Amino acid sequence: MTKPPKSKPLLQDADKPVRSRPRKPRDPAQPNLPLDPMPDRIEPCLALLKARPPKGDDWVYEIKWDGYRLSVHVEPTGIRILTRGGHDWTHRFPAIQQAALWLPVGSAILDGEAVVLDEKGRSDFGLLQQSLGGRGGKKTSSDAIFMAFDLLYFDGHDLRNSELSMRRHLLEDLVPAGEQGDVRLSEEIEADGDQLLASACELGLEGIIAKRRDAPYRSGRLGDWVKVKCIQSNGFVIVGYEKSTASFGGIGRLLLAARKGGQLVYVGGVGTGFNERSAAELRQEMDKLIIDKPPVDTGRKRDAVFVRPKLVAEIEYRAWTHDGKLRHASYKELRSAADKAEIYEF
């Protein structure tokens, strides 16, 4: 039997210890993370609005949640909860903060949505705003839960260049499906996109999200994620209102604008969807912004009050007229600056 050859000694100077060369310098501010430094904030990946769900095996689907987009940062020093606009709202979601502390991870960044569910388990943005004290309110919400749908950083590893399927695999280990705590998993649904959309609409949900399985996480609206809504709903700038003595808050009709080529253009008005509370809130906000001249050309309007274009209203509508005006529009709610409210763009 042949004997194995003797191993050779390490080639080195006898008076010098063996040292390995560090693979990557540590971030001095994060001595416990030997790999990728933890980002202070990540601009979110945004979904592109489409009329129909995309087809193909390279797409996966989720329910579209109607709430505040948040990133939950699990850091060695504690928890930070940031809004889409970068505002620190940790103190406003104490239940989510506590649940994040219990996650079995040293450091992580979870992407998701803070929602309040109604009695049928559907997310309701109005209930979320109410739990936070209304638009501009300062209350904390113990009713809000966090629906996690992506994992961007995990125990020293920046996952943004990894494909979605891998990020989701790690997320599901961290937040198992079916758990009913204050941090929950937004589950992927294996289904035909058209059938899932039809089911979501029958259940009174806002719509669905489709995501490419093999896509990295890219900030901005680049088409890796697609949203399809049951009812068309978008943000429009309030540029004024027509007065009425017979309507809540004295608001006969809100005057709205969208963006086109970097400019605001008038897209018509909305005179339904208000209740006593929402109309009073609108008047209170608009009365702070009154100006003498219309910020956009609205045509001749009787008894109109114009305001600086600072407020963004979420409006549901069915279609557009041939001259670019909203059809069958209904007021839904005011969006918050902290939510970095989007404005419809032609």
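The model is predicted, so local features need pLDDT of at least 70 and side-chain atom pairs count only at pLDDT 80 or more, while totals for chains, interfaces and linings use all residues. Residues are numbered from 1 along each chain as its sequence is written, and side-chain values use heavy atoms, with hydrogens and water left out.

**Overall make-up**

- The chain has five helices and 19 strands; helices (H or I, at least four residues) and strands (E, at least two) are DSSP runs, numbered from the N terminus.
- Of its 346 residues, 46% count as buried, where buried means under 20% relative accessible area, exposed over 50% and partly exposed in between (1.4 Å probe, protein chains only).
- Contact means heavy atoms within 4.5 Å. Among contacts between residues at least 6 apart in sequence, 66% join residues at least 24 apart.
- The accessible surface comes to about 18,800 Å², and 49% of this belongs to carbon and sulfur atoms; accessible areas come from the Shrake-Rupley method with a 1.4 Å probe, and for residues only the protein chains shown count as cover.

**Cysteines**

- One disulfide is found in a search of the whole structure, the term being used for a pair of cysteine sulfur atoms within 2.5 Å.
- This disulfide joins Cys201 to Cys230, with an S to S distance of 2.2 Å.
- Cys201 lies in helix 4 (residues 193-202) and Cys230 in the loop between strand 10 (225-229) and strand 11 (232-243), so the pair ties together parts that are 29 residues apart in sequence.
- The disulfide is left-handed, because the torsion about the S-S bond of Cys201 and Cys230 is about -100°.
- Cys201 is partly exposed at 33% relative accessibility, and Cys230 is partly exposed at 25%.
- Cys45 is buried, at 2% relative accessibility.

**Lys227**

- Lys227 is found in strand 10.
- Lys227 is buried but has no salt bridge, and the nearest side chain of opposite charge is Glu342, 4.0 Å away.
- A salt bridge is a side-chain nitrogen of Lys or Arg within 4 Å of a carboxyl oxygen of Asp or Glu. Lys and Arg count as positive, Asp and Glu as negative, and His and the chain ends are not counted.
- Leaving aside residues up to four places away in sequence, Lys227 touches residues including Ala47, Lys64, Ile208, Arg221 and Glu342.

- Strand 12 (residues 251-260) and strand 13 (residues 263-270) run antiparallel and are joined by seven bridges; two strands pair if DSSP finds at least two bridges between them.
- Ala257 stands opposite Tyr266 in strand 13.
- Two residues lie between the strands of this hairpin, and Gly261 in the turn has a positive phi of about 60°.
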